[in-house]
Amino acid sequence: MDTPTSDSGTGTVLGARDHARAQAASAAAAAMTTQPTIPASTATDLPPGVEASSVVWDETLALGGYASRVIRRGTHLQLTDVDGDTNVNLVLHHAARPIERLNVADTVKLQWNAYLGAGALLLSDMGRVLCSILPDSTGALDLLCGASTRRAVAERYGGSGNHSPTPSGRDRLLLGLAKHGLTRRDLPPSANLFRSVRVDADGGLALTPSGPPGAHLTLRAELDVLVTVAVTPHPLDERPAYTGGEVRLTGWSGAAAGPDHPARTASPEAQRAFENTDDVLLTLSSSGAASGAVAP
């Protein structure tokens, strides 16, 4: 039998194959917006104390990148602002019941604070704790502005859409949700990580500077959670160019907040939110859908 050979161009299967392989090794590949570590257990340069064998997700997203993944209860997910200039849109869904999702308004209201950060809880629209933000986190959090829209991005940068070089935050988040069978109606207002917004005395919104490089936020899943993120400029970013740095996501197996954990007793509202979480876990446990370890 003759050995198959390719000709130039993409007019044949073999030609298309060679073209694709060449592209994978080209500068275009270097500009990819997502770089997952596969398998995750081979990830290096991990947070202190994290064993490589416990890593379940390691991925770096450049500007315009997006990702979505279900993480189990107790998983710790650290997001690191690599360059000190990123803005990460974040939405969360209860993986067992995706109709339940992050509610930024209730998250602010039930914690009596619009400027949340380390030690705060990210709450669902059913009053449950989806994730805790660990106290050693150093990154900022904006719960006021949400993700950019296609129209606003097009007006600012001259074009938008998922096939353009300037996608909006909402379009990127929708792509992530679509991989899990969710649609536009399932997209709630997002949080912005690594940027902070302050309300002026006249009611205006002011975006604070980002950074420093290496700032991180570590989320601990208190339920099985679908995490969806996108890296796009903050809606209040006034720089003329579509600009932003990389974020690294590193997730590892861990334990959720146990019955006596300080996160539960930080306030009456936190205690109630965890009680609501425990209640649904009992229901899921009886149906065999609960998972994850628990810390004291």
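1. Helices (H or I, at least four residues) and strands (E, at least two) are DSSP runs, numbered from the N terminus. Two strands count as paired if DSSP finds at least two bridges between them. In general, strands of a sheet pair through backbone hydrogen bonds, either parallel or antiparallel.

2. This is a predicted model, in which local features need pLDDT of at least 70, side-chain atom pairs count only at pLDDT 80 or more, and totals for chains, interfaces and linings use all residues. Residues are numbered from 1 along each chain as its sequence is written, and side-chain values use heavy atoms, leaving out hydrogens and water.

3. V88 stands opposite L193 in β9.

4. Axes are lines fitted to C-alpha atoms, for helices over the stretch in contact, and angles run from 0 to 180 degrees between N-to-C directions.

5. Another open sheet is formed by 7 strands, ordered β1-β2-β14-β4-β12-β7-β6, with antiparallel pairing. The edge strands here are β1 (34–36) and β6 (121–123). Neighbouring strands of this sheet are turned by 20° against each other on average, direction ignored.

6. Strands β4 (residues 76–81) and β14 (residues 247–252) run antiparallel and are joined by 6 bridges. L79 stands opposite L249 in β14. Helix α7 (residues 268–286) lies across β6 and β7 (129–133), at about 135° to β7.

Definitions and conventions:
Contact means heavy atoms within 4.5 Å.
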